[in-house]
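Good morning, colleagues. Please bring the sequence and the model up on your screens, and I will take you through the fold and then through its backbone details.

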Amino acid sequence: MSRNPTEFDRRTVIDRRTVLGGLTAMATGTGGALAASPPLPSAPVTISVIDVGGALALMQRAFEDYRAANPKLVSRIAFVKAPAPELASKIKAQQEAGRADLDLVLTGSDGLAAGLDQKLWLKILPDFNDKFPNIEANYEPAALNLHKVQGDGFGVVVNYYPSGPLLEYMPARVKQVPTTAEELLAWAKANPNKFMYARPTNSGPGRTFMMGLPYILGDKDPQDPVNGWDKTWAYLQELGQYIEYYPAGTGATMKEFGDGSRDIIISTTGWDINPRALGIVPKEAKIQTLKGFHWVSDAFFMCVPKGIPNDRLAVVLDMMAYVLTPKAQAYAYDEGYLYPGPAVKNVPLSLAPEASQKVIAEFGRPEYADLIANNPIELPLKPEKMVVAFRKWDELVGSKRAK
């Protein structure tokens, strides 16, 4: 922006061919394409949810609502938080030891990609379509694209936002606001060390800026960081001459922007609204887009590790379906952390808790509705290409200003 050990019970999936033709049941791990959800348990179970991206800030109340409404299914939900880079090794170690300690993972595209690379996730869709009827029709269009292309059936989008990249600036200190990439470069040159963004590997705004520049600069192929980003890499290298250092996370950029050390930073809708609501960034800060702006969307996903026993799997699937309902999704407005936040249709701000409505009313921006409606919303890089882009940024850009 949280783990509870249980005895391992290898999950066995019997696809419908077994019922119809008496074939041998398939072994657990991936679930057959025709598998149906296991039956709900007769006694309540404990569910462990781990968050490695910040989704609990938005959705913990929705999960707790589910537990309160289903005491015969869930005795307790244990919430755990951990850094995304630790996720894959943690789950892999448990699976190799024959344990299933974690039932549901909330992650961004980084944790999703790491788990896909090591084949840690259970295939949710279409294997368990019976729990998610009409899921694609219910998603917001951009959330559906992320769900299909990024999640690929292994990750179910739970929250979505168009993200950025946005410039955030202090109007009292920035008299001529850059409106093009060239103007931003010129401003940074004229005001050394007053512009900042964080290392893309560890920062949503940082990676959104990196992935958004190919559209702004008119690069050859915005989805190919190796052969299609010549202008982007050259621009980032030149811009880097006027950046003091790249923090390890977005929070540091917000703090330095708030205390006056930096005058322009890279932001997103959520990173614009939430730090102002929390008082980290002055309320009067403004945002600006650059000519050629395209949104680069982002999301939180729900993933299920392979190997969890059927009684817990049944509850996890049921709980996942619940948090995709409009009532549960309305919590995602939160304090603007991932604005707007809901991934499904028909979730107006009026459904959100009163506190969320007040925050958005005071710290939201009327121009967001127009920006979201009238600018293209692009998919982020596919997970394997995102890893390559991170590596190239570290080599070509970040290594020049390490701190």
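Of the 403 residues in this predicted chain, 55% count as buried.

On overall dimensions, the C-alpha atoms fill a box of roughly 75 × 45 × 35 Å along the principal axes. A compact globule with 403 residues would have a radius of gyration near 22 Å, and the chain agrees, because its own value is 22 Å. As for charge, there are 44 positive and 44 negative charges, whose mean positions lie 2 Å apart.

The secondary structure consists of 16 helices and eleven strands.

Which residues have the most contacts inside the largest nonpolar core? They are Leu104, Tyr139 and Met320, in a core of 71 residues. Leu104 itself touches, leaving aside residues up to four places away in sequence, Ser48, Val49, Ile50, Phe63, Met302, Cys303, Val304, Pro305, Val316, Met319 and Met320. A second, separate core has 35 residues, including Val174, Trp229, Tyr242 and Tyr246.

Just after H6, Asp152 takes a positive phi of about 50 degrees.

That brings me to backbone geometry. Most residues other than glycine have a negative phi, and most peptide bonds are trans.

Two asparagines have a positive phi. Asn134, in the loop between H4 and H5, has a phi near 60 degrees. Is Asn134 buried or exposed? Its relative accessibility is 59%, so Asn134 counts as exposed, the cut-off being over 50%. Asn193, in the loop between helix H7 (181–190) and strand E6 (195–196), has a phi near 70 degrees. With a relative accessible area of 32%, Asn193 is partly exposed.

Finally, the cis peptide bonds. The bond from Gly164 to Pro165 is cis, with omega near 10 degrees, and Pro165 sits in the loop between E4 and strand E5 (166–169). The bond from Tyr339 to Pro340 is also cis, with omega near 0 degrees; Pro340 lies in the loop between helix H13 (326–329) and strand E10 (341–342).

Thank you for your attention.

Notes
Residues are numbered from 1 along each chain as its sequence is written. This is a predicted model: local features need pLDDT of at least 70, side-chain atom pairs count only at pLDDT 80 or more; totals for chains, interfaces and linings use all residues. Side-chain values use heavy atoms; hydrogens and water are left out. A nonpolar core is a set of buried Ala, Val, Leu, Ile, Met, Phe, Trp, Tyr and Cys residues joined through side-chain atoms within 4.5 Å. Buried means under 20% relative accessible area, exposed over 50%, partly exposed in between (1.4 Å probe, protein chains only). Contact means heavy atoms within 4.5 Å. Helices (H or I, at least four residues) and strands (E, at least two) are DSSP runs, numbered from the N terminus. The radius of gyration is taken over C-alpha atoms; the globule rule is 2.2 Å times the number of residues to the power 0.38. Lys and Arg count as positive and Asp and Glu as negative; His and the chain ends are not counted. The place of a charge is taken as NZ of Lys, CZ of Arg, CG of Asp or CD of Glu.
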